[in-house]
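Reader: I am new to this structure. Please take one part and walk me through it closely.

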Amino acid sequence: MASVIEEDVIPRLVMAHRRTIAAPNGRGGPRLVEPGPTTSDVETFGQFILNNDMERALSIVDTWCANGASLEDVCAGLLQPSASLLESYCAGDAIDFADLTLGLGRLQWVLHDLERICGDDAPLCGLDRRILLAAVPAERHTFGVSMLSAVFHRAGWDVTDALLIESFESLVGMVRAESYPMVGLWVGGGCRMSGLADGIDAVRRSSINPDVKVLMAGPVFGGNPSGVATKGADAVADTAPAAVHQAERLLDRALGRH
């Protein structure tokens with residue numbers, strides 16, 4: 001049911017509200033004026049998303065874009081916190097799972113709209129910048145992986161999206177079949193961390209690339225990432241843009257660049 005809502009219902013809902021807005025500035029343009037979206041902004045935006053008030057939700061996005069925000073800024077400062085907010089509502093029984101799925105689906109199509117207006121991705125930067133992305137098996141929605149995919153594409157990475165996986169066996173099969181320098185895992189705020197260490201170890205042992213790096217990203221790593229167990233990953237990041245930074249750092253280190 002969740003996949004039907006995300007892949008069929010949401011596109012038809014949001015298409016009614018598609019619009020053309022000024023594209024955010026590129027990497028060389030002005031950045032979002034500090035501070036970025038406040039907690040109040042995120043809560044207001046989240047309510048608009050829940051109520052399917054897409055016109056007002058998109059107007060908030062337009063405002064930040066007009067202030068110089070990039071796609072990466074909007075992902076880290078507005079979309080990801082809003083997704084975490086909706087998940088907290090569901091965990092506290094303020095909304096049900098169907099409401100959460102619809103809300104995350106609307107966020108997904110805001111992201112698609114941003115990708116459309118942000119222009120071309122950076123040119124692909126070589127075979128070493130190749131990454132396999134998936135949500136950890138406990139995750140039930142694709143929005144986090146979609147954000148990861150969008151920002152990695154924008155940074156010139158060759159991305160393979162596995163999206164949702166039933167178990168780590170699916171990833172094991174993929175890294176056995178093809179050589180990936182890096183595997184990225186999205187860990188949502190409500191995901192259980194149990195089993196991740198064994199799954200990551202299985203990916204490493206099975207990969208035909210003996211030097212494969214594993215990166216985990218998600219809101220669970222916010223605040224004090226050093227205080228969260230990495231479960232055998234090479235690096236962790238709390239946002240999608242931070243994940244790209246960590247991936248670049250790992251790759252530079254692997255290639256002997258500092």
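Author: Buried means under 20% relative accessible area. Keep that cut-off in mind for Gln 108. This is a predicted model. Gln 108 has a relative accessible area of 12%, so this residue is buried. Gln 108 sits in helix 5, which covers residues 97-117. What does its side chain meet? The side chain of Gln 108 makes a polar contact of 2.9 Å with the side chain of Ser 146. A polar contact of 3.3 Å also links the side chains of Gln 108 and Thr 142.

Now take Met 54. Met 54 belongs to helix 3, residues 54-66. Its relative accessibility is 0%, so Met 54 counts as buried. Met 54 and Arg 106 are 52 residues apart along the chain, yet 8.3 Å separates their C-alpha atoms.

Five strands form an open sheet in the order 2-1-3-4-5, and the pairing is parallel. Which strands lie at the edges? They are strand 2 (158-163) and strand 5 (235-237), and each pairs on one side only. From one strand to the next, the twist averages 20 degrees.

Look at one pair within the sheet. Strand 3 (residues 182-186) pairs with strand 4 (residues 213-217) in the parallel sense, over five bridges. Here Gly 184 stands opposite Leu 215 of strand 4. Helix 9, residues 240-254, packs on the sheet. Helix 9 touches strand 3, strand 4 and strand 5. The direction of helix 9 makes about 160 degrees with that of strand 5.

Terms used. Residues are numbered from 1 along each chain as its sequence is written. This is a predicted model: local features need pLDDT of at least 70, side-chain atom pairs count only at pLDDT 80 or more; totals for chains, interfaces and linings use all residues. Side-chain values use heavy atoms; hydrogens and water are left out. Two strands pair if DSSP finds at least two bridges between them. Helices (H or I, at least four residues) and strands (E, at least two) are DSSP runs, numbered from the N terminus. Axes are lines fitted to C-alpha atoms, for helices over the stretch in contact, and angles run from 0 to 180 degrees between N-to-C directions. Contact means heavy atoms within 4.5 Å. Buried means under 20% relative accessible area, exposed over 50%, partly exposed in between (1.4 Å probe, protein chains only). A polar contact is a pair of N or O atoms within 3.5 Å; within protein, one must be able to donate a hydrogen and the other to accept it, and residues adjacent in sequence count only if both atoms are side-chain atoms.
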